[in-house]
Amino acid sequence: LAGKIAWINGQPQALLAVELHFNSDESRRQGGAETLFCPGSVMGRTVAKMIHDEYAHLFPPNRGVKEGWFRMIRPPDPKAVPDAFLSETNPIAVILEPEFIYNLTSLAERQDAAINAIARGLVEAANFLQGG
């Protein structure tokens, strides 16, 4: 992770850093899309919402745009620390979580639509960050 963050930070022209994750939980009963941004980042929230709004409808329920905390331990817990990818990269960073990994049928059925929706969201966010 530290190497990835260093590489990203070494790209002075970079305006946006994106990771694509697939959620999981032990019960294997969860589903849905969420997008994470750096806690406290107004610009991060704005960009996350732009991208999320393009793809979330494909993978209900919409779990929303959320601040990203390491292991999702949130304040006021004293162990709360922002996710390193989100907080330590120089460009705005977001984590897209379109669906839970064990919902393979949902992922397969919506794969092409999701790729296109995420691409639209990324273009919209990039245009916004470039001031256009």
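The accessible surface of the chain comes to about 7600 Å², and 55% of that area belongs to carbon and sulfur atoms. Bear in mind as you read on that this is a predicted model.

Let us begin with the chain as a whole. Four helices and four strands make up its secondary structure elements, and they follow one another along the sequence in the pattern α-β-β-α-β-α-β-α. The chain has a radius of gyration of 15 Å, which agrees with the value near 14 Å for a compact globule because that is what 132 residues would give. Among contacts between residues at least 6 apart in sequence, 77% join residues at least 24 apart. As for charge, the mean positions of the 12 positive and 15 negative charges lie 4 Å apart.

Some further values for the chain are collected here.

| Property of the chain | Value |
|---|---|
| Span of the C-alpha trace along the principal axes | about 40 × 40 × 25 Å |
| Residues that count as buried | 38% of 132 residues |
| Radius of gyration | 15 Å |

Now for helix 4, which is worth a visit in the viewer. Helix 4 covers residues 104-129 and has a kink of about 65 degrees, centred on glutamine 111. Its buried residues are Ser106, Leu107, Ala114, Ala117, Ile118, Gly121 and Ala125. What do the buried residues of helix 4 pack against? Their partners are strand 1 (16-20), helix 2 (42-55) and strand 4 (92-97). In general, an α-helix has 3.6 residues a turn, so residues three or four places apart point the same way. After helix 4 comes glycine 131, with a positive phi near 85 degrees.

Key. Residues are numbered from 1 along each chain as its sequence is written. This is a predicted model: local features need pLDDT of at least 70, side-chain atom pairs count only at pLDDT 80 or more; totals for chains, interfaces and linings use all residues. Side-chain values use heavy atoms; hydrogens and water are left out. The bend at a residue is the angle between axes fitted to the seven residues ending there and the seven starting there. Helices (H or I, at least four residues) and strands (E, at least two) are DSSP runs, numbered from the N terminus. Buried means under 20% relative accessible area, exposed over 50%, partly exposed in between (1.4 Å probe, protein chains only). Contact means heavy atoms within 4.5 Å. The radius of gyration is taken over C-alpha atoms; the globule rule is 2.2 Å times the number of residues to the power 0.38. Accessible areas come from the Shrake-Rupley method with a 1.4 Å probe; for residues, only the protein chains shown count as cover. Lys and Arg count as positive and Asp and Glu as negative; His and the chain ends are not counted. The place of a charge is taken as NZ of Lys, CZ of Arg, CG of Asp or CD of Glu.
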